Amino acid sequence: MPSYEDLEARAIDTGECTVCGACITACPDSHIKLTENTPRRPKRTVDCVGCHTCYDACYMLRHDLIKDIENSIMGWGRKETIGAYRRIVAARTKDTEIEKTCQDGGIVTTLLLYALDSGVIDGALVVGRDGWAPIACIASTRDEIIRAAGSKYGVVPMLKELRAAVVDRGLSRICVVGSPCHIQSIRYLKHKGLPLASAVKLTVGLFCRENYEYTCLVEKVGAKGLDINRVDKLDVSNEFNIYAGGKKLSLPIVEVKSCVPRHCLVCQDFAAELADIAIGSTGSAEGWSTVIIRTQEGEKVFAGMVKKRLVETKEIEDSVDVREIASRKKEKAKQTEETFTLRKRGLDKKEIAAILGITEERVSHRLDGV
Ligand SMILES: Cc1cc2nc3c(=O)[nH]c(=O)nc-3n(C[C@H](O)[C@H](O)[C@H](O)COP(=O)(O)OP(=O)(O)OC[C@H]3O[C@@H](n4cnc5c(N)ncnc54)[C@H](O)[C@@H]3O)c2cc1C
Ligand code: SF4
Ligand code: SF4
Ligand code: SF4
């Protein structure tokens, strides 16, 4: 029966692990810890009973199931490049406190507060920060939710807090806010029937082109003469934007490409296709969020928030930007996957380029992430 060693060999050591934190939360005796930003069970843990719970919790090892999971959640209808959905709107918060700290339209934070106040949820897994280093946190009060507003760039094992949220904090109606990979992972845990996952009642996904290793970002920001702890906001659009002391410094994306982890290079999900609601800035004007409402649960909570007049909304005529980026991400990821496979077979860049019908320069881009 596969055990921790198999998880390590097949997901962690191969670089496929997205550091979602599910295996950490799944181990009933908390043997797996985050070590150098990777889930590891110490070599000499004699108490590990060699069960298969951590192995079973890893969605990356059962990626073939994702389509089935999507079909069971969203129905068997036509799926688009941005996934199945009911409607897309633009929205922004009316809460002046949220406006000050949120990333874009403040819809994630406003929605969490509404869901908490109306009893839909009793807490959420969110991402706080230490400096700008992202930290997985449990939030069950207004203050904790507002403190988590704003995007942090860096790999974060969001789901590692699920056990503490359920067992220590006694939460039973949890919202998971996360990148598309976090949302895929929690959907998988629910599909597998991990008891802890039944406490998750709502999922809010963030659009995501790619992520960056935090320590690498610190170096890039430092190289521009800035101390990351003095930065007010970080933001990625067509450039990597750093806001500090009332000034904005924009780095071409190519300058931070070497910080992108391997698992992001082959990730195909831009618009959090398995979330109840997916939210991002792409497709909307500055200060607004694009909101993709996918499920009945998502519709119910979004409509409730609108009815309470907590947000302003407007129709989006055509979400062409979101579709284009989603489609480009899928194409690029597929090509990168093929490039990695051919490289593993020992082919050089010229041979790979000939097989895939692309330039050698493009092969380098795929292999090196630039
Ligand atoms: C790594 C990353 C890449 C992104 N890339 C894109 C993109 O390419 N295009 C686009 O349109 N949008 C992208 N986004 C989403 C965007 O930055 C905003 O999060 C989104 O528009 C919601 O804005 P808001 O004002 O409603 O959120 P807020 O109200 O400010 O709330 C933000 C929420 O995000 C959560 N959060 C913060 N950092 C992380 C993290 N690292 N992982 C998981 N959850 C986190 C917090 O818990 C908080 O609840 C990205 C976000 C992240 C974290
Ligand atoms: S006890 Fe089971 S779940 Fe925990 S590390 Fe060992 S094999 Fe994995
Ligand atoms: S469950 Fe998540 S954190 Fe654990 S090995 Fe799999 S992808 Fe990595
Ligand atoms: S690109 Fe994919 S794997 Fe990387 S953080 Fe975004 S959703 Fe996760």
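A residue is near a molecule or strand if its C-beta atom, placed from the backbone, lies within 6 Å of it. By that rule 13 residues surround ligand 2. The closest are Cys27, Cys48, Cys51, Thr53 and Cys54. The shell holds seven nonpolar, four polar and two charged residues. Nonpolar means Ala, Val, Leu, Ile, Met, Phe, Trp, Tyr, Cys and Pro; charged means Asp, Glu, Lys and Arg; the others, Gly among them, are polar.

This is a predicted model, in which local features need pLDDT of at least 70, side-chain atom pairs count only at pLDDT 80 or more, and totals for chains, interfaces and linings use all residues. Residues are numbered from 1 along each chain as its sequence is written, while chains are lettered from A and ligands numbered from 1 in the order in which they are written.

The chain splits into three domains, with bounds from an automatic or database domain assignment.

| Domain | Residues |
|---|---|
| Domain 1 | residues 4-63 |
| Domain 2 | residues 65-319 |
| Domain 3 | residues 324-368 |

The C-alpha centres of domain 2 and domain 3 lie 29 Å apart. Their contact (C-beta atoms, placed from the backbone, within 7 Å) takes ten residues from domain 2 and eight residues from domain 3. On the domain 2 side, six are nonpolar, three polar and one charged.

Ala285 sits in the loop between strand 11 (277-280) and strand 12 (289-293). Strands are DSSP runs (E, at least two residues), numbered from the N terminus. Ala285 has 12 C-beta neighbours inside 10 Å, so Ala285 counts as exposed (12 or fewer; buried needs 20 or more, partly exposed is in between).

Notes
Helix = DSSP H or I, 4+ residues; strand = E, 2+ residues; numbered from the N terminus. Contact = placed C-beta atoms within 7 Å.
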